[in-house]
Amino acid sequence: MRWSRLMSAALRPKSFPFFPYTNLSFLRWVSTGATRAPPEDYLRFFFRSAMHSSNHHTDYELALVSALRSCSSISALFQGQQIHSHVLKSGLGLNTYITNSLISMYAKSGFIADAQSLVDSCSRLDTVSYNIMIAGYVKSGQLDNARHVFEVMPEKGCISYTTMIMGLARNGCWTEAIEVFKDMRSAGVVPSDMTMTSVLSACSHIGGIWDCRMLHALVVKLLLLGSVFVSTNLLNFYCACLSVGDARILFDEMPERNIVSWNVMLNGYSKAGLVDIARELFERLPTKDVVSWGTIIDGYVLVERLSEALMMCRAMLRTGLRTNDVMVVDLVSACARFLAIAEGLQFHGIIVKDGLDCCDFIQSTIINFYSACGRTSLAHLQFEIGIKDHLASWNALIAGYTKNGMIDQARQLFDEMIKRDVFSWSAMISGYTQNEQPDVALELFHDMIASGIQANEITMVSVLSAIASLGTLREGRWAHEYIQSNSIPLTDNLSAALIDMYAKCGSINTALEMFHRIRDTVSTVSPWNAIICGLAMHGHAKLSLEIFSDLQRRRIKLNSITFIGVLSACCHAGLVEAGKRHFKSMKNVYNIEPDIKHYGCMVDLLGRAGRLEEAEDLIKRMPMEADIIIWGILLAAGRIHGNVEIGERAAESLAKLEPSHGASRVLLSNLYADAGRWDEAFSVRRGMQILRMTRSPGCSGVV
């Protein structure tokens, strides 16, 4: 009693009106909405009413439970422990209702071990006790303990399954969450709206369109389609499957929509590249938040319509909303890709004004932007004024130097680093590979392994590219074994690098075997490009074109590199008409604009076939100026087919582009000699001697 009076005096709120502090008055206070008061006042009132509880035991139990709930809401462990002591002193420790409230208080306050100790000391537990522990373990990230409690509990209800599914889904264990849901259905437990929300969220990461439609049918059967949370997650699932048509039907039929529903539909259109439809939906939005604006801006960025993305950003700023960190990174990165220096500078000003420049990923994005635009001095200045503890900034500047050919500056910065991660090493290795120093790249890679840093798929792509440049097959096989022994994920880019490495190292059969193992699992065109180009390079034109035909039947987007391999294959096989057909299909069918390399392949194809006039006419109709490679191809074809006139014109064009190009003079001299025009041949050779022009000797890089 003395302890109670002390507690009552210590916790007595001065603002409370005076009335008899009985259990009944306490409950009336709770029932009239007084629980909207601060939880601290609620606890004070409980302790003041605690000693007047001798008669109304049921009321008092409810008061205890309410007080413990308040302790949980504000993590008031000390007060909760006082109530716990009072429960034990009052002989209510065997009351399951109160015991569960105590377990919940400890679990929600983050003291899961104390909650478990209380569970272990109880002789009687019900389903609620187990559910509380599962939720507590899930909240604290102890999934193994949650799984154990879930497995040993005698009876599982909807709350048990839902809690477990939610915990697994939130921790990325999507497959396991779906398996628990299947067990739930097998056990005959009816899912709730919360269950379906979590299951749909998990399935959206790994499921396909048929899983989505089956769950849609189940939602309809359970009469849960009216729940905005269930419908929105189902909508997100359809969008994740790129089935925006089905998503729109569902969206239009939803009885209730919130801002999240609108944003999910908007994001579905944007990610599918249907930005114009997304814009129409955006204009209909009753209320637009930062996510809405960010989604439509990102949609324009994805389809490379930067000017419209910037226009939408300005419109957003005029509404009074501010950019967030995600939007800023997206737009500055887009400015880097499009080399939009003026717009990027404006965003840099916004970043500084909003105080976002202290974030490590934003600082590194700014450095990357200036580097991409060739302003390495500004990139270095941003690095110097930024926070030096951000490792990402060091890596961004190293990558920026290497992309601009400043490999020595990159190495100096790399050597100054106190701490390096795998991205630091990868940036440096990639830099040496791109700057035609593959031997140094491989040396650095071995230093990285010796330092205890494990390579990732990005590192290995650069390493394999370096090996391909050197043609060292033994080193390539060792790198392949390293990938396998360290369980490095075989991404599409890494698969393509392996195929390319084996092809360039002379082992085309191994490259082909590698391709056949992964052909049905890849989703991008990179591995297909590698084998098509590799086979064409080795003279297997027929097989190269067969694989290209297989590629055309798949839902994989082709790119310009694909047609480099295809045209090269046609060139090796002398398939002029097929080559012309594929060249025309680039723009007409696949909307790919041919570049100078594709025109070079066509000039080579026509030149080898002796159709020199047609090749020369193609050069004249090119949308860009021909370079020394194209004129050299035509000159070589002129010599092979003895066409002196075209050879002379090609040599003249070559001389205009590069007067000191010795190889072209040698070809022209040989052309004259083959035609029996010895005076002209001697004159060309004499001119080379006067200008002291030399021709580099040939060499082989294959080991």
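Of the contacts (heavy atoms within 4.5 Å) in the chain with a separation of 6 or more, 61% join residues 24 or more positions apart. The secondary structure comes to 41 helices and zero strands; helices (H or I, at least four residues) and strands (E, at least two) are DSSP runs, numbered from the N terminus. Buried residues make up 48% of the 703 residues, where buried means under 20% relative accessible area, exposed over 50%, and partly exposed in between, with a 1.4 Å probe and protein chains only.

This is a predicted model, in which local features need pLDDT of at least 70, side-chain atom pairs count only at pLDDT 80 or more, and totals for chains, interfaces and linings use all residues. Residues are numbered from 1 along each chain as its sequence is written, and side-chain values use heavy atoms, with hydrogens and water left out.

**Confidence**

- The chain has a mean pLDDT (the predictor's confidence in each residue, from 0 to 100) of 82, and 77% of its residues reach 70 or more.
- Over residues 1-37, pLDDT stays under 50, and the model has 57 contacts beyond four places in sequence for this stretch.

**The largest nonpolar core**

- A nonpolar core is a set of buried Ala, Val, Leu, Ile, Met, Phe, Trp, Tyr and Cys residues joined through side-chain atoms within 4.5 Å.
- The largest one here has 183 residues, and L331, M460 and I531 have the most contacts inside it.
- Helix α30 (residues 492-504) gives the most to this core, with eight residues.
- Domain 1 (491-583) and domain 2 (595-691) both give residues to this core, so it lies between them; the domain bounds come from an automatic or database domain assignment.
- Leaving aside residues up to four places away in sequence, I531 touches I499, A511, L512, F515 and I547.

**Helix α11**

- Helix α11 runs over residues 174-186, which is 13 residues, and spans 19 Å from its first C-alpha to its last.
- That is close to the 18 Å expected at 1.5 Å a residue, the expected span being 1.5 Å times one less than the number of residues.
- Its buried residues include A177, I178, V180, F181 and M184.
- They cover an arc of only 155° around the axis, which puts them on the same side of α11; the arc is that of the directions from the helix axis to the C-beta atoms.
- An α-helix has 3.6 residues a turn, so residues three or four places apart point the same way.
- Among the elements covering the buried residues of α11 are α9 (143-152), α10 (158-170), α12 (193-206) and α13 (209-221).
- After α11 comes G188, with a positive phi near 80°.

**V138 and its neighbours**

- V138 sits in helix α8 (residues 127-139) and is buried, at a relative accessible area of 15%.
- Not counting residues up to four places away in sequence, V138 touches L143, A146, T163 and G167.
- V138 and G167 are 29 residues apart in sequence, yet 5.3 Å apart in space, C-alpha to C-alpha.

**Two loop residues with positive phi**

- L223 isn't a glycine, but has a positive phi of about 60°.
- You'll find L223 in the loop between α13 and α14 (228-240), where L223 is exposed with a relative accessible area of 74%.
- N591 is also a residue other than glycine, and its phi is positive, near 55°.
- N591 belongs to the loop between α35 (576-588) and α36 (596-608), and is exposed with a relative accessible area of 68%.
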